Amino acid sequence: MRGDGRTVIGRDDGDSMTGAGYWVELYQAQQPLGGGFLLTRRFVLTALHCLRGLPLEEQVGIVLADGQRIGGWVCRQDKDADLALVEIHAEHQVTLPIPAADVARGGDRWRGPYRPAAHEVHLSGNVSNGSALHQCVGGATIEALQLTADQILGDYSGYSGGPVEGVLDGGSRQPAVVGILIEQAQDRADGTRAANVLFAATIGEAMRRFDHLDVAHLIDVIRPPRQEPETPADDEPPSRAPRFAGTEALLLQLDEWGRRQIMDSAQIAELKFMAVKALIENEAAGGVV
């Protein structure tokens with residue numbers, strides 16, 4: 001518990017999660033640190049306090065939701081916002097799906113697909129307040145979601161760093177990640193008791209905090225991992241490589257993020273410029289985008 005009466009969500013020891021998904025568990029020297037999730041196929045987003053004071057460039061183990069174990073290192077930290085990025089080592093090819101991003105609003109339903117151990121419950125609840133300014137435990141004023149949990153656990157230790165999914169159209173559409181759990185509120189009537197009110201930094205806040213999430217990495221969100229091309233039949237002409245498909249898809253995705261207000265217009269314009277610049281530079285070098 002902090003001196004201001006708020007509790008940072010930590011992590012209880014326990015078995016790692018199972019099942020296909022985009023969330024991960026972080027380890028060092030076989031000791032569990034906490035949860036996180038694939039924001040792109042290169043970067044894991046987590047709450048900084050989950051890293052338990054690890055410095056920049058420290059090596060960490062990453063267990064993917066399918067059980068695969070890979071390596072990474074702490075590449076960025078934002079102490080004020082209690083957020084951190086872990087970069088996956090280049091030799092690892094992550095093929096798990098990357099979630100779409102969206103914006104949650106007050107009254108929406110949410111759920112947490114990550115849980116710290118197999119015997120723990122999955123969290124769900126209502127978005128009490130969407131995309132509002134919040135002074136987090138790190139000291140910064142960030143864009144965050146205020147969430148009410150259906151499950152009265154008292155202590156939500158272990159769930160920090162996990163993704164918050166918005167339940168869209170009553171569950172009829174695929175869920176999209178809307179935030180990352182970072183802290184828990186205390187009961188105002190009894191400072192020794194935690195409330196079932198959680199706070200999650202929005203995905204837009206994370207994108208603003210980390211310039212590593214540039215065009216080259218954001219494009220992973222909307223382009224599947226590279227696979228070996230199939231050999232065409234003798235009577236079938238080889239298909240022409242979609243040279244600009246990745247950049248075009250990214251531009252369309254940026255427009256969609258703008259409409260959903262995940263990113264502001266200045267960010268969208270800058271990323272579009274970077275995307276087109278990268279395309280021109282790649283073409284000049286004779287590459288394929």
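Helices here are DSSP runs of H or I with at least four residues, strands are E runs with at least two, and both are numbered from the N terminus. You're looking at a predicted model, where local features need pLDDT of at least 70, side-chain atom pairs count only at pLDDT 80 or more, and totals for chains, interfaces and linings use all residues. Residues are numbered from 1 along each chain as its sequence is written, and side-chain values use heavy atoms, with hydrogens and water left out.

**Helix α3**

- G246, T247, L250, L254 and W257 are the buried residues of α3 (buried is under 20% relative accessible area, exposed over 50%, partly exposed in between, with a 1.4 Å probe and protein chains only).
- Those buried residues fall within an arc of 90° seen down the axis of α3, so they line one face of the helix (the arc uses directions from the helix axis to the C-beta atoms).
- Over on the other side of α3, L252 and R259 are exposed.
- After α3 comes Q261, with a positive phi near 65°.

**L250 up close**

- L250 sits in α3 and is buried, at a relative accessible area of 1%.
- A275 is 25 residues from L250 along the chain, with 7.9 Å between their C-alpha atoms.

**Strands β9 and β10**

- β9 and β10 (residues 141–149) pair in the antiparallel sense over eight bridges (pairing takes at least two DSSP bridges).
- N126 stands opposite T148 in β10.
- Five residues separate β9 and β10 in their hairpin, and G139 in the turn has a positive phi of about 110°.
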